[in-house]
Amino acid sequence: MKLAQALFAPRAVALVGASGDAAKNSARPLRFLRKHGYAGRIVPINASRSEVLGERAWPSLAEAPGEIDHAFIMTPGDSVERAIEECGARGVPIATIFSDGFADAGAEGAARQARLVARARTLGVRVLGPNSMGLVDVPGRVALTVNAVLDMDALPAGTTSFVSHSGTMLGTVLSRGAARGFGFAKLVSVGNEADLGMAELVELLAEDPGTRVILLFLETIRDGANLAAAARKAHAAGKPVVAYKLGRSRLGAALARSHTGALAGEDAALAAYFRDCGIVRVDMLETLIEIAPLVTGRMPPDLDRAARVAVVTTTGGGAASVVDRLGMFGIETVAPNSRSPIIDLTMTATAEQYTAVLDDLLAAPQCDGALAVVGSSAQFHPQLAVEPIVRSKKSAKPLAVFLTPHAERSLALLAERGIAAFRTPEARRRACRLLRLAFAPHPHRSRIHRMAGQSAPARTSRRSAGAGPVCLAGNSGGGARDRAASRLCARHSLSGRGKGAFRRVPSQDRSRSGASWHRGRA
């Protein structure tokens with residue numbers, strides 16, 4: 001059985017440590033699988049009960065009948081090791097471990113985790129976790145998680161998938177997305193990443209026909225070279241990768257370390273790393289959810305000038321706040337055939353005229369995208385407020401909407417049509433800037449090259465195409481950013497020998513831009 005099928009579409013699931021007390025966390029996977037329509041076979045494993053929540057239970061995996069594709073382990077202490085042994089004996093291809101007390105619990109726990117994973121590899125069992133809250137495949141109706149948000153009655157399906165170090169964040173994005181009308185495809189909590197990690201999951205999602213955008217919630221980067229390669233694979237498949245990274249402050253980095261037992265890395269070097277491998281970075285959790293419709297099915301523009309956005313509004317004050325934010329980040333506003341930086345349709349245009357204006361702007365060569373700013377009518381008359389927008393023609397250029405009031409129904413209507421909508425001008429400004437700065441899948445003509453006025457490398461060997469970025473831990477003049485890059489290389493498997501390694505580049509080889517990272521041959 002392929003890994004993706006055992007992970008996301010198992011025919012039979014064993015719940016090791018399933019509780020008969022519906023109020024306990026260890027009873028949730030059985031309840032959620034039933035509640036959300038899992039069609040496969042559920043096998044509760046409980047050493048002291050023959051029945052769990054109405055299902056026949058078995059004292060051990062060894063005694064459970066039939067083939068099992070996926071084991072979800074919730075037992076404490078040394079029983080996790082015994083469960084892995086039984087998985088190996090039964091030929092279970094993958095085990096998700098909810099139990100904690102491994103690398104998240106200091107040096108002794110880290111050593112225990114290393115022994116566990118080594119044994120699992122010998123047995124041929126892949127491991128998700130430990131310290132993982134599980135996964136959800138919304139269209140496939142697989143709710144294999146302890147996250148309490150699955151108590152919600154309906155899970156909206158979509159084409160955005162989410163991979164997170166934090167299990168709680170699965171519930172956060174799922175519930176916040178549902179409130180907005182956004183659906184998800186697959187959601188995965190990686191926990192400590194002892195075996196299956198971010199990079200391999202991004203690769204699997206790059207191959208998943210049900211995923212069009214991949215969102216990441218990162219507390220650390222354990223395998224930078226492979227994550228970069230996976231991100232490029234996703235981009236090559238036309239699937240943008242967007243990340244929210246914890247640990248930008250010293251306190252945040254310390255909390256991230258304590259949560260999963262890994263180092264969080266210096267922010268300046270990580271930012272450069274994201275740029276190099278084409279991962280779009282957001283600095284607001286809300287933007288991580290809101291940005292998906294903006295990037296779905298679109299390649300970021302490769303512009304040699306400032307991005308130009310047309311702002312169409314029915315509220316002058318709301319538009320002014322957005323224009324102000326866009327200008328702060330070097331994004332120009334354009335209004336063809338107008339002396340004003342915005343196109344104000346307040347009290348002057350019919351719905352048909354509004355739609356025509358949007359269509360003309362998105363077709364205009366001097367316009368790279370359009371932003372519609374909608375006032376109070378979005379709250380009380382959603383059909384009237386957003387119907388002219390949803391009727392506009394589909395375009396390769398991005399169209400987004402900023403709603404000035406609290407307008408949940410308008411947000412849902414826009415989400416149904418796949419139109420990005422933002423509730424704050426700050427979030428909208430950040431999304432526009434990210435779309436401008438993000439670059440194409442194999443960034444041989446990257447933003448760094450453009451800044452330096454250089455041409456992209458004409459050819460790249462097969463080996464270098466799959467390799468990670470090159471670390472500029474320079475010989476002189478690099479300052480704090482170079483030192484941060486050096487430390488990141490040393491701490492996060494972003495350096496070393498062989499394929500995917502980062503290498504030191506002499507300072508005279510750097511671009512005049514002063515950028516800290518440069519792609520080259522490994």
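Trainee: Why is Glu203 called partly exposed in this model?

Mentor: The model is a predicted one. Glu203 has a relative accessibility of 34%. Buried means under 20% and exposed over 50%, so Glu203 falls in between and counts as partly exposed.

Trainee: What makes the contact of Glu203 with Lys233 a salt bridge?

Mentor: The closest N and O atoms of Glu203 and Lys233 are 3.4 Å apart. The rule asks for a side-chain nitrogen of Lys or Arg within 4 Å of a carboxyl oxygen of Asp or Glu, and therefore the pair qualifies.

Trainee: Is Lys233 buried or partly exposed, and how do you know?

Mentor: Lys233 has a relative accessible area of 29%.

Trainee: Why is the pair of Glu200 and Arg126 said to tie parts of the chain together?

Mentor: The two form a salt bridge, with the closest N and O atoms 2.8 Å apart. Glu200 lies in helix α6 (residues 198-206) and Arg126 in strand β7 (residues 126-128), so the bridge joins parts 74 residues apart in sequence.

Trainee: What makes Arg126 partly exposed?

Mentor: Its relative accessibility is 24%. Buried requires a value under 20%, so Arg126 is not buried but partly exposed.

Trainee: How many salt bridges are counted by this rule?

Mentor: The count comes to 21 salt bridges.

How values were computed. Residues numbered from 1 in each chain as written. Predicted model: local features only at pLDDT ≥ 70, side-chain atom pairs only at ≥ 80, totals over all residues. Heavy atoms only, no water. Helix = DSSP H or I, 4+ residues; strand = E, 2+ residues; numbered from the N terminus. Buried < 20%, exposed > 50% of the residue type's maximum accessible area, 1.4 Å probe, protein only.
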